[in-house]
Amino acid sequence: MTDPRRPTSLVVFPFKQEEVSVVASNLRIASAHESVAEVWAVAAAEDAAMAAVQSAAEDIHEGPIRVFAQERLGSLRSGKGDGMNTALARAAESGFGRVHFYDADITNFDRSWIDGAEAAADDGGYQVVRHRFPRASTDAMITWMITRPLLAKQFPGTVLPSLGQPLGGELLLGRSAVEALASDRFVRARSDWGIDTVITHATASLGFPMYEHNVLDGKRHALYGRLDEIRAMAIECLDAAISLRDRARPSSTGLFAADPPAPAPSDLKHTVAYDVGPTIELLTEGWSPEEQGLAESFPAGLRDEILANIDAPSFDFMTAEVWGETLDTLGSGFVLGDAAWESLAFRLWLMRVLAYTTKEALWGYDAAIGYLEQTIRDYEKGADHHGHR
Ligand code: GDX
Ligand code: MG
């Protein structure tokens, strides 16, 4: 008989270039947890950042920690996806009962994150527990404007549009989910920022019981300045969401439950998550003739509004409805790796984010989040009417 007190969980932190003291503190917290048998820190490369974490880990004696570099497994840019997939492949070959993933840069990580996920897995038998947390109303702009709208349009009536954080990098996977993901070629190919999107879709379409667990204090981590700091993430998450279009639709009866909605901490309600002024400047900079040509292929009304940005910033027109049409056009045309498409898709996303930031986000936190939730329901309803169901 197995000893019920024997720890069987693995905790994985993918990392690239983070504050070493933050990473070390997170490694220590995880390795001290009584459910945790081992902690892995998966580096982007065998570089100075990895050496610094390795050296910090040598001073932690709470439990076994392994620091190693990710392998080249996927077919896109080598990024976080290769890191997570390297861990999934190795975990599938070892005996861990559960695998947790956490971003390495979380500054308010504590044992309650692990407790929350383990409790949902213990009590409800969930194979997938996703952490969900309140975010400033101008944060999570990839989630709100790209991933959730596309999931709502492509998979109406399934669990996917209701997930609060389909991009979340903080989750627990049970043994069966780890094995399924490790042998999924579509997941393994997604070596870039799209990994979270494809893992979310894969676990939902495989029908694993799923739970969303609230982290009440939010996730505190490195924030952004000008939005081009997350340009690659926006483009790769767009491509990942579009790539799901013809893939399996999760059954509408899959077991899903979530903690009830909770109020956001008051400081988050007053945070502006990025620098608005410098971001507006990105609308007019560096239009190439190729990008201009692509914009000219957009539906007539939209085309002129978009092209006006060559001369002066213009984004008020990019309402939720217009953005829905824009996503449809991107869905059938966008090409990852094509410089003109990437530039245009990024710029269009900026127009949508700025339109929302300078209008609905000013209504105050609760109204702004309520508005965003309503846009997702509207995209889902619109997709139903177009016969996607
Ligand atoms: N091994 C490895 N390799 N780790 C990486 C790499 C890489 O190439 N690139 C980033 N990381 C690590 C990074 O050090 C951190 O621990 C984690 O991945 C997340 O990166 P971060 O720069 O902190 O991303 P951010 O903006 O906090 O994004 C997270 O939330 C997004 C979202 O929910 O909007 C992250 O989990 C994203 O995957 C997610 O899309
Ligand atoms: Mg972060």
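These are my notebook entries on a ligand site and a few residues in this structure.

**Entry 1: the model**

I noted before anything else that this is a predicted model.

**Entry 2: who surrounds the ligand**

I started with ligand 1. How many residues surround ligand 1? I found 24 of them. The closest are Pro14, Glu18, Gln70, Asp196 and Tyr224. I then sorted the shell by residue type. It divides into 10 nonpolar, 6 polar and 8 charged residues.

**Entry 3: polar atoms at the ligand**

Next I looked up backbone atoms that lie by ligand 1. A polar backbone atom of lysine 16 is 2.9 Å from an oxygen atom of the ligand. At alanine 104, a polar backbone atom is 2.8 Å from an oxygen atom of ligand 1.

**Entry 4: where the ligand sits**

Where does ligand 1 sit? I found it in the largest pocket. Then I asked which elements give two or more residues to the shell around ligand 1. They are strand 1 (9-15), strand 2 (36-43) and helix 3 (80-93).

**Entry 5: proline 14**

I placed proline 14 in strand 1. Glycine 194 is 180 residues away from proline 14 in sequence, and their C-alpha atoms are separated by 14 Å.

I turned to a pair of side chains. Histidine 33 is in the loop between helix 1 (20-31) and strand 2. Is histidine 33 buried or exposed? Its relative accessibility is 3%, so I wrote down buried. Which side chain does histidine 33 join in a polar contact? The partner is arginine 111, and the contact is 3.5 Å.

Arginine 111 belongs to helix 4. Its relative accessible area is 36%, so I marked arginine 111 as partly exposed. The C-alpha atoms of arginine 111 and glutamate 34 are separated by 9.7 Å. Those two residues are 77 residues apart along the chain.

**Entry 6: tryptophan 113**

I stayed on helix 4, where tryptophan 113 is also found. Tryptophan 113 has 2% relative accessibility, so it counts as buried. I compared its position with alanine 30, which is 83 residues away along the chain. Their C-alpha atoms are separated by 9.5 Å.

**Entry 7: tyrosine 126**

Tyrosine 126 lies in the loop between helix 4 (111-124) and strand 5. I recorded tyrosine 126 as buried because its relative accessible area is 13%.

**Entry 8: alanine 140**

My last stop was a backbone angle. What is phi of alanine 140 near? It is near 55°, a positive value in a residue other than glycine. I made a note of the background: most residues other than glycine have a negative phi. Alanine 140 sits in the loop between strand 5 (128-132) and helix 5 (141-154). Its relative accessibility is 9%, so alanine 140 counts as buried.

Terms used. Residues are numbered from 1 along each chain as its sequence is written. Chains are lettered from A and ligands numbered from 1 in the order in which they are written. This is a predicted model: local features need pLDDT of at least 70, side-chain atom pairs count only at pLDDT 80 or more; totals for chains, interfaces and linings use all residues. Side-chain values use heavy atoms; hydrogens and water are left out. A residue is near a molecule or strand if one of its heavy atoms lies within 4 Å of it. A polar contact is a pair of N or O atoms within 3.5 Å; within protein, one must be able to donate a hydrogen and the other to accept it, and residues adjacent in sequence count only if both atoms are side-chain atoms. On a 1 Å grid over the protein atoms alone, a cavity is a set of points where a 1.4 Å probe fits but cannot get out, and a pocket is an open set with protein on both sides within 12 Å along at least five of seven lines; lining residues have an atom within 4 Å of a point. A molecule sits in a cavity or pocket if more than half of its atoms lie within 2 Å of its grid points. Helices (H or I, at least four residues) and strands (E, at least two) are DSSP runs, numbered from the N terminus. Ala, Val, Leu, Ile, Met, Phe, Trp, Tyr, Cys and Pro count as nonpolar, Asp, Glu, Lys and Arg as charged, and the others, Gly among them, as polar. Buried means under 20% relative accessible area, exposed over 50%, partly exposed in between (1.4 Å probe, protein chains only).
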